[in-house]
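Here's a quick tour of the charged side-chain contacts in one protein model. Have the viewer open and follow along.

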Amino acid sequence: MGLASAGAAQMISLHIGTPFPSPLHLRKCNMGVWKWKVKREKKGGQVCSSHRLEGEIDEGCELVSGMELSIGEQPDRTVPAHLFKAVKNNNGTAILLLSDLFAFQDSSITDFAYRVACNGFNVLLPDVFHGDPWKKKQPVEQTAKQDMQRVAEDIGTATKWLVEEFSAAGISTKLGIMGFGYGGGQVIDVLARDQGACFAIGASFYGTNIDPSLGSQVKVPVLLISGDNDPLCPVSVMKDLEKGIGKGSKLVIFGGRGHGFFHKPGSPEEDEDAERAFLMLRNWLHDGLVVTNI
């Protein structure tokens, strides 16, 4: 039985690799509007802000299941990953989510994966950093220590796993891919290599280190979302990328927004734009994956 049809209380049978001993857990998802409660306190002469994510629970929302996986053909070459899926409203499509530099150390990524799954998708979130993500006190150049060939191979392993699981289930062989920051840059690299073989649609949110010349090699529609106040993802680079990228692609620039506003908004104003961006993404994925598979 493939993962798309597996029951909520069952361990998922892997075609590649073996599951961690962690049990399947269920979580009530939130399909309402995400709201940020901002509390400001003065500590040691500095004003600090703490944010708490709240939402309006929709009683009709389905449960989302989550599981830790170890994916790979060789025991010493496995990729740790988290799998999220809607239990009852599953639409049978799969998405590969590539994280920013914080990987699993930042709950905003897993929270986002839960919300996407709540809308009926299966989401695989691999840890291409293998438990060694970038830390805030490190220079960004520290990411150079990541073996880019290994990262590419890990993404390939995760992609192969998704394709084989869904092909076995007889549901869908085309996937979606999306990513934030570092992961958003990887989305463009992956789609340029893929040439439309595995992925039918993509979404890149303020991708970093993007080579605009790769746009001409991307053969599928990509949703590009960024802010005009993001030095890590310049608007000029996004516009150059848009010129040659796959037919049907769309570039959306949010005025006054900086890096990270979508998956971890820092103010009520950013939260409003994050909600708008999520609605764009949800419709993009639905039209590109669900409708085309009907």
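## A pair in helix H4

Lys 243 pairs up with Asp 240 in a salt bridge, with 3.6 Å between the closest N and O atoms. Keep in mind that this is a predicted model. The two residues sit three apart in helix H4 (residues 235–244), so about one helical turn separates them.

How accessible are the two partners? Lys 243 counts as exposed, at 69% relative accessibility, while Asp 240 is partly exposed with a relative accessible area of 38%.

## A pair in helix H2

Another salt bridge joins the side chains of Arg 150 and Asp 154, at 2.8 Å from N to O. Both residues belong to helix H2 (residues 148–169) and are four residues apart, about one turn of the helix. Buried or exposed, Arg 150 and Asp 154? Both are buried.

Asp 100 has a relative accessible area of 6%, which is under 20%, so it counts as buried. Lys 264, at 30% relative accessibility, is partly exposed.

## The whole set

How many salt bridges does a search of the whole structure find? Six. There's also a network of salt bridges to look at, linking Arg 257, Asp 273 and Arg 276.

Notes: Residues numbered from 1 in each chain as written. Predicted model: local features only at pLDDT ≥ 70, side-chain atom pairs only at ≥ 80, totals over all residues. Heavy atoms only, no water. Salt bridge = Lys/Arg side-chain N within 4 Å of Asp/Glu carboxyl O. Buried < 20%, exposed > 50% of the residue type's maximum accessible area, 1.4 Å probe, protein only.
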